[in-house]
Amino acid sequence: MLLSSADVNDTAFRPGTFLLVGIPGLEKFHLWISLPFFSMYIFALLGNLVLLFTIVREQSLHKPMYLFLSALTLADLLLSTTTVPRMLAIFWFRVRDISLGACIAQAFLIHFIFVAESAILVAMAFDRYVAICNPLRYVTLLTHSVIWRIELAAVVRSLCMVLPGIHLVLRLSYCKNRVIPHSYCEHMGVARLACTSIKVNVVYGLTVALLSAGIDVVFIAVSYGLILRAVFQLPSAGARRKAMSTCGSHLCIIFLFYTPAFFSFFTHRFGGHSIPRHVHILLACLYVVVPPMLNPVIYGVNSKQIRETVMSMLSWMGSRRN
């Protein structure tokens, strides 16, 4: 039943807290679901911390590719830590209450990190393009000052895109329904609880997705199209294998980052009735923990320098202990 404007004014209020359901429809399995999420989070935490520490400590890794990787690692740490501990509190202790301020802050951080991480992946694609297609200018183009400017631009772009969403959520009037059928707060999940129209919020969400991930994917596709053309023109088979190995790890990370995000985005808007809600939410939960868990593994396995540095650090620690 539609509410009249008078009814909206009578029932609308600013809630002090919201209630997070977890994974709707699977509440009785929360304890079992929490076990793999906890394991993946610990693995992601340890793997990214080791990777970040290795890059910061080892001077030979202070190269553009690894500096961008350290930014990606930091973003993964923030993304998983912003969401997973709260999810585990719901699964283990049924702590479902979350204040309005904490909910808005969590939604801001999740969207901010997503947009920033997408920009970092574009920067990494550009790094590989210059390294393979224009190697003689690699050192002069990607200096440390240029890298810092690129990372600063990623942060500024994220702030400019995500901050308006905070205002759009705070301006809404909410009804008595405070239940968010999700494991964490995100922009549209909160907006759908409003009594008033959320058309502006829907348009804003689509616009941000297109201007960030949509455009970024086009840039990455163009970069790798040029990279593949250059790789297949290399005379040496060994050089082709080395170039493809380096780019392969980056492509795996791109696939892990964008595939679940786009699947969740499009099915949520265009296929929501054919796919059960718990599938949407479970995929969204996996999205914030699986890529952060696998990124250190992918780069650790494919980067000889990182492997050798980590092994030398472990050997040094073992000799000190003895």
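**Helix α6 and its surroundings**

The buried residues of α6 pack against α3 (64–93), α4 (100–133), α7 (187–191) and α8 (199–231). Contact here means heavy atoms within 4.5 Å, and buried means under 20% relative accessible area, with exposed over 50% and partly exposed in between (1.4 Å probe, protein chains only). Helices are DSSP runs of H or I, at least four residues, numbered from the N terminus.

Now the provenance. This is a predicted model, where local features need pLDDT of at least 70 and side-chain atom pairs count only at pLDDT 80 or more, while totals for chains, interfaces and linings use all residues. Residues are numbered from 1 along each chain as its sequence is written, and side-chain values use heavy atoms, with hydrogens and water left out.

Which residues of α6 are buried? They are I147, E151, A154, S158, M161, V162, G165, L168 and V169. In general, an α-helix has 3.6 residues a turn, so residues three or four places apart point the same way.

On to the charged pairs. A salt bridge is a side-chain nitrogen of Lys or Arg within 4 Å of a carboxyl oxygen of Asp or Glu, and by this rule the count comes to 2. In one, the side chains of D216 and R157 meet at 2.8 Å, N to O. D216 lies in helix α8 and R157 in helix α6, so this pair ties together parts 59 residues apart in sequence. D216 is buried, at 4% relative accessibility, whereas R157 is partly exposed at 22%.

R128 and D127 also form a salt bridge, at 2.8 Å, N to O. R128 counts as buried at 11%, and D127 does at 1%.

Key:
Helix = DSSP H or I, 4+ residues; strand = E, 2+ residues; numbered from the N terminus.
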